[in-house]
Amino acid sequence: MRRVTYFFAALALGSSAAAAAQAADLPFDSGKLLLTGGVTNVEGVGGGGLANWATITGYETRDAIGANVHATYVGLKDYDLRTYGVGVGFYDRVELSYARQEFDTGSTGAKLGLGRGFTFNQDIVGVKVKVAGDAVYDQDRWLPQVAVGAEFKSNDKGAIIHAVGGKKDTGVDYYVSATKLVLDKSLLLNGTVRMTKANQYGLLGFGGDKHDDYRPQFEGSAAYLISKRFAVGAEVRTKPDNLAGLKEDDWMDVFAAYAVNKHLSITAAYADFGTVATFKGQRGLYLSLQAGF
């Protein structure tokens, strides 16, 4: 346990990936191809910017451990979303992640009667397990890499959530993802089906006065690898609409991801979140930085 604590401490202090792994005395390598582990999405899970992928975070092979830290900022018309956290990939088979989301209402908070700068905070603990296929090595067959996972979410604004019609301030999402990388076409395709009750990712709680049951939602990604370091693509993520007074739209983005090397990547996107908490036209810049190995 102490070695694992040293490992996370080294990452948090911004030490090099090698120093972090040596401090913990853990096996590591960086054998994956650039960008094939995906980036880190707004829930702290390995994938695109909005969607979960079946890939396991980090650049580790099946004989090693990989990890990363990330920080993401989404600046919308009336709100800001900040996310930061850590993800660890074990032997290219299991991913564990933690993310902290901060949804800042800014000056809009006063218009909503919450107060200027009112912020919803949410903690997300994720687990993902690869169950079939390999996105990189299965180039001679059409079987995609498949993973199943769960995200455990806890929001700190229970009183507000209940006031707007939300049933709970905690919840669990379940999902299955399939990711196919076609190297000779420089193309990555991903589809995810998520069972969820979450309102705006859980930032406005779970379940509502319209619906309070699990409903399937879809997450799709397509990316084209312009070079081994640079990829562009688009994503869409459908959302439940559980709250009678707070319409919820699907989210989408167009993105570009650049891997400086296997220790640092940058993702930029134009994101469209539609209507959020009665305010329409929530579009803006998505920017994410990921560091690790």
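The chain has a mean pLDDT of 88, and 89% of its residues reach 70 or more. Over residues 1-23, however, the pLDDT is below 50, although this stretch has 25 contacts in the model beyond near neighbours in sequence. Where pLDDT is low, the predicted coordinates should not be read in detail.

In the model, 12 strands close into a barrel with antiparallel pairing, in the order β3-β4-β5-β6-β7-β8-β9-β10-β11-β12-β13-β14. Neighbouring strands of this sheet are turned against each other by 20 degrees on average, direction ignored. Within the barrel order, β7 stands between β6 and β8. Strand β6 comprises residues 119-132 and pairs with β7 in the antiparallel sense over 10 bridges. In this region, I124 has K153 of β7 as its bridge partner.

Residue N155 belongs to strand β7, which spans residues 145-155. The relative accessibility of N155 is 5%, and N155 therefore counts as buried, the limit for this class being under 20%. Two polar atom pairs involve the side chain of N155: a polar atom of this side chain lies 2.8 Å from the backbone nitrogen of K157, and the side chain also reaches the backbone oxygen of L203 at 2.9 Å. When neighbours within four places in sequence are left aside, N155 is in contact with F120, N121, Q122, I161, D169, G202, L203 and L204. Of these contacts, F120, N121 and Q122 lie in the residue range of strand β6, the strand that pairs with β7.

Methods
Residues are numbered from 1 along each chain as its sequence is written. This is a predicted model: local features need pLDDT of at least 70, side-chain atom pairs count only at pLDDT 80 or more; totals for chains, interfaces and linings use all residues. Side-chain values use heavy atoms; hydrogens and water are left out. Helices (H or I, at least four residues) and strands (E, at least two) are DSSP runs, numbered from the N terminus. Buried means under 20% relative accessible area, exposed over 50%, partly exposed in between (1.4 Å probe, protein chains only). A polar contact is a pair of N or O atoms within 3.5 Å; within protein, one must be able to donate a hydrogen and the other to accept it, and residues adjacent in sequence count only if both atoms are side-chain atoms. Contact means heavy atoms within 4.5 Å. Two strands pair if DSSP finds at least two bridges between them. Axes are lines fitted to C-alpha atoms, for helices over the stretch in contact, and angles run from 0 to 180 degrees between N-to-C directions. pLDDT is the predictor's confidence in each residue, from 0 to 100.
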